[in-house]
Structure formats: structure tokens, C-alpha cells
Amino acid sequence: MDLDFFLEFIFPNRCAGCGALIGQGPALCAKCASALQTFDSLFCGRCMARLPEGKKICHSGSPFILGAAINYHLGAAGNLIRELKFKRNKKIAKFLADLLASYLKKLPLAFADYEILAVPLSATRQRERGFNQAELIAEELSPLVSVPILQGGLTRTKHSTPQSEIRGRKDRLRNVAGAFSADTELVSGKNIILLDDVITSGATMFEAARALKSAGAERIIGLAAAKA
Ligand SMILES: [Zn+2]
Ligand SMILES: [Zn+2]
């Protein structure tokens with residue numbers, strides 16, 4: 001049996017926000033969907049403060065500037081991210097990609113010469129889960145914004161404890177230190193949209209961006225569907 005069909009069968013069409021039964025439609029009921037407002041600015045990659053248009057970045061040492069479509073703590077956002085991660089719900093990947101596309105189009109940001117790179121999982125985690133939720137979003141986002149996907153530029157060589165089990169940015173940074181390795185041939189001179197489903201402390205994004213930078217990547221936008 002086709003896996004998608006099988007999943008639809010086990011998890012009938014319920015709104016990922018409130019659980020109301022919905023037809024073969026989008027991931028959320030109309031009410032939950034309209035409650036999700038997208039942000040309209042970029043953020044500092046280090047302290048995650050809003051960067052109003054034209055304002056200089058507060059921490060210029062950050063290897064990336066942060067973009068995030070929605071607030072993880074508002075409305076159905078947290079449920080969407082969890083359902084995507086644990087149930088491989090493709091409708092949610094598409095829904096989040098739509099939000100990211102409309103967010104990106106609001107920004108005074110030229111990203112035509114960028115490539116999308118999904119933050120990779122370690123080989124062990126990829127095997128356990130069977131898919132990478134950031135990759136699912138990347139596949140949906142790429143055609144919406146006409147930005148190609150960059151495959152294989154970055155690998156996660158270290159299998160670390162899930163960041164969600166660790167508190168504090170310092171310990172999270174230590175947990176993912178040296179976890180990524182970038183392929184100089186593939187990333188050198190490139191502008192990269194480094195995509196993840198959610199950003200919390202920013203430690204994983206920081207470490208991934210740092211590896212890309214040291215392999216010669218030019219500009220990096222760290223992009224998360226949701227920001228905690
Ligand atoms: Zn709902
Ligand atoms: Zn800052």
C-alpha cells in the first residue's frame with residue numbers, strides 16, 4: 001500500500017490546530033489558518049531581535065541573518081511543527097512552505113541568486129525517522145519562490161542529543177559543536193538559504209552556518225518555518 005494513502009487512513013483529515021474534522025483540504029481549518037500571522041521582518045541570528053527595515057544588524061558577528069515565518073508559540077504553529085516531525089504529514093510541509101513563501105515575498109530581500117539547503121539530520125536520526133522534515137519543506141518551498149535546492153552541501157557528521165532535551169544556548173552550542181561538515185566544492189561562493197522547521201536557541205543554525213562559511217559560502221539566510 002502507498003505510504004501516503006496508509007497515513008491518510010490512520011490519521012483522517014483533522015485540523016492540526018484544533019482537531020476539527022476537515023475534508024481533503026489544507027492542513028488547518030479556516031479559523032486556525034487565519035489565526036497564523038506571518039512576521040514581516042528579518043531577525044538577528046544571534047539574539048533573534050527583530051531587524052526593522054534599514055536597521056543595522058545588532059550582532060554583526062553572526063554567520064547568518066534569520067528569517068522566520070511564524071511564531072512557534074502562537075495558535076496552531078507548535079502543533080503543525082510536531083505533526084510534521086512525527087507523522088511525515090506532507091500537507092503540513094506544503095502549508096508551511098506557503099507561509100514561508102508569502103513571508104519571503106514581504107521582505108525587502110533579493111534571494112534569486114540563492115540556493116535552498118535543508119539542515120541535515122545525522123545518518124542515525126535520518127534512519128530512525130525515515131525522513132528529514134526540513135527537506136520536506138524545502139521541496140515544497142523551492143518551486144514557490146523559484147530558488148533551486150542544493151543537495152549534499154552539508155552533512156551532519158555527529159549524532160548529538162536532541163536539542164529539545166538540553167536547556168540553555170551555551171549547552172546547546174556545546175552539544176552541536178563540530179556536528180556539521182560542509183563540502184567546499186558545492187558551497188564555495190554560494191548564497192544559501194539554510195532551512196529548518198523550527199529555530200529555538202539558534203545553536204544548530206549557528207553551527208551549520210559556521211561550517212558553510214568556513215567552506216567558503218558567501219551570504220547565508222537562516223530560514224525557519226517557526227521561531228520559538
Ligand atoms: Zn482548526
Ligand atoms: Zn542581535
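1. What radius of gyration would a compact globule with 228 residues have, and what does the protein have? A compact globule of 228 residues would have a radius of gyration near 17 Å, and the protein has 17 Å, which agrees; the radius is taken over C-alpha atoms, and the globule rule is 2.2 Å times the number of residues to the power 0.38. Along the principal axes, the C-alpha atoms fill a box of roughly 45 × 40 × 35 Å.

2. On the basis of this note: this is a predicted model, in which local features need pLDDT of at least 70 and side-chain atom pairs count only at pLDDT 80 or more, while totals for chains, interfaces and linings use all residues. Residues are numbered from 1 along each chain as its sequence is written, and chains are lettered from A and ligands numbered from 1 in the order in which they are written.

3. The protein holds nine helices and eight strands, where helices (H or I, at least four residues) and strands (E, at least two) are DSSP runs numbered from the N terminus. Of its 228 residues, 40% count as buried; a residue is buried if 20 or more other C-beta atoms, placed from the backbone, lie within 10 Å of its own, exposed if 12 or fewer do, and partly exposed in between. Among contacts in the protein with a separation of 6 or more, 71% are accounted for by residues 24 or more positions apart, a contact being a pair of residues whose C-beta atoms, placed from the backbone, lie within 7 Å.

4. Six strands form an open sheet in the order β2-β1-β3-β8-β7-β4, with mixed pairing. β2 (50-51) and β4 (114-118) stand at the edges with a single partner strand each, so one side of each is left without a neighbour in the sheet. Two strands are taken to pair if DSSP finds at least two bridges between them, and β1 (residues 42-44) is joined to β2 by two bridges in the antiparallel sense, with Phe43 standing opposite Arg50 of β2.

5. For β8, the pairing is parallel on both sides: six bridges link it with β3, and seven link it with β7. Lys227 in β8 is the bridge partner of Asn71, and Ile220 in β8 is that of Ile192. Eight of the eight residues of β8 are buried, so this strand is largely enclosed by the rest of the structure.

6. Helix α3 (residues 77-87) lies across β3 (65-71), β7 (191-199) and β8 (220-227), and runs at about 105 degrees to β7; axes are lines fitted to C-alpha atoms, for helices over the stretch in contact, and angles run from 0 to 180 degrees between N-to-C directions. Helix α9 (residues 203-214) also packs on the sheet, where it touches β7 and β8 and makes about 165 degrees with the direction of β7.

7. The axes of α3 and helix α4 (residues 90-106) are 9 Å apart, and the two helices pack at an angle of about 135 degrees. That makes α3 oblique to α4, given that angles under 35 degrees count as roughly parallel, over 145 as roughly antiparallel, 65 to 115 as roughly perpendicular and the rest as oblique. Their crossing is left-handed, a term used if the near helix is turned anticlockwise from the far one by less than a right angle, with right-handed used if clockwise. Leu80, Glu83 and Leu84 of α3 make the contact with Ile92, Ala93, Phe95 and Leu96 of α4.

8. Helix α7 (residues 169-176) and α9 have axes that come within 8 Å and cross at roughly 40 degrees, and are therefore oblique to each other. This crossing is right-handed, and the contact is made by Arg169, Arg172, Leu173 and Val176 of α7 with Ala203, Thr204, Phe206 and Glu207 of α9.

9. Ala208, which lies in helix α9, is buried, with 26 other C-beta atoms within 10 Å. Leaving aside residues up to four places away in sequence, Ala208 touches Val119, Leu154, Phe180 and Leu194. Ala208 and Phe180 are 28 residues apart in sequence, yet their C-alpha atoms are 5.8 Å apart in space.

10. Most residues other than glycine have a negative phi. Met48, in the loop between β1 and β2, has a positive phi of about 65 degrees although it is not a glycine, and is partly exposed, with 19 other C-beta atoms within 10 Å. Ser146, in the loop between α6 (133-145) and β5 (154-156), is likewise not a glycine and has a positive phi of about 55 degrees; with 9 C-beta neighbours inside 10 Å, Ser146 counts as exposed.

Definitions and conventions. Contact = placed C-beta atoms within 7 Å.
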